[in-house]
Amino acid sequence: MVSKMGLTLKIHRIPKFVLVGITGAVVNLGAMWLLVEVFGLSDYFFKNLANIVSMETSIFYAFVFNRLWTWGDIPRKRGKKLILQFVLFNFSVLASVVVRILLFALIELIGLHYLINVTIGIGAGAIINFVFYDKIVFKGGGYYEPKSL
């Protein structure tokens, strides 16, 4: 465990988190390819729809594998608390996307190469997701419980 400024993270989760993220990207790409190439969702509207479906497919995949493997040692929630946990997971992903968009715009102003810019954004998003998952989504099984004073 690492603790700085009141933030405690379990380091042993990081390799699992990274592997789930990499395989989640493969799921995203594979679902996109399947929807466009096999099911023919290839015009502008349907390709955008396929992108949304493939993103949510990979988010669901990441939720399942992070819940069962990366944070597999926490008590599992069921029913409404499981649904809340999945909603929080999606909001965590959304928060990291917003940060990535804003960060990209800021870094673009200084003229850094766009691929380096994207790489920085991916790293920042991964850090945000890991912290949110560890401290909110999977802490106590899916909801934030502030500690009483």
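Predicted model: local features only at pLDDT ≥ 70, side-chain atom pairs only at ≥ 80, totals over all residues.
Visitor: Which side chain meets Arg 13 in a salt bridge at 2.8 Å?

Guide: That partner is Asp 73, with the 2.8 Å taken from N to O. Arg 13 lies in helix H1 (residues 13-38) and Asp 73 in the loop between helix H2 (44-70) and H3, so the bridge ties together parts that are 60 residues apart in sequence.

Visitor: Are Arg 13 and Asp 73 buried or exposed?

Guide: Buried means under 20% relative accessible area, and exposed means over 50%. Arg 13 has a relative accessible area of 2%, so Arg 13 is buried. Asp 73 is at 52%, and therefore counts as exposed.

Visitor: Which side chain meets Arg 13 in a salt bridge at 3.3 Å?

Guide: Asp 134 does, again from N to O. This pair links distant parts of the chain, since Arg 13 is in helix H1 and Asp 134 in helix H4 (residues 114-137), 121 residues apart. Asp 134 has 10% relative accessibility and so counts as buried. Taken together, Arg 13, Asp 73 and Asp 134 are linked in a network of salt bridges.

Visitor: What span should the residues of H2 have, and how far apart are its end C-alpha atoms?

Guide: The expected span of a helix is 1.5 Å times one less than its number of residues. H2 has 27 residues and should span 39 Å; its end C-alpha atoms are 37 Å apart, which agrees.

Visitor: Which residues of H2 are buried, and what covers them?

Guide: The buried residues of H2 are Ala 50, Ser 54, Ser 58, Ile 59, Tyr 61, Ala 62, Phe 63, Asn 66, Arg 67 and Thr 70. Their cover includes H1, H3 and H4.

Visitor: Which residues form a nonpolar patch on the surface?

Guide: The patch is formed by Ile 83, Leu 84, Val 87, Phe 91, Leu 94, Val 98 and Leu 102, which together have about 650 Å² of accessible area. One of these residues, Leu 94, is found in helix H3 (residues 80-110). Leu 94 is at 46% relative accessibility, so Leu 94 counts as partly exposed.

Note on methods:
Residues numbered from 1 in each chain as written. Heavy atoms only, no water. Patch = residues over 30% accessible without salt bridge, like charges linked within 9 Å, V, L, I, M, F, W, Y side chains within 5 Å. Areas by Shrake-Rupley, 256 points an atom, 1.4 Å probe, with all protein chains shown as cover. Salt bridge = Lys/Arg side-chain N within 4 Å of Asp/Glu carboxyl O. Helix = DSSP H or I, 4+ residues; strand = E, 2+ residues; numbered from the N terminus. Buried < 20%, exposed > 50% of the residue type's maximum accessible area, 1.4 Å probe, protein only. Contact = heavy atoms within 4.5 Å.
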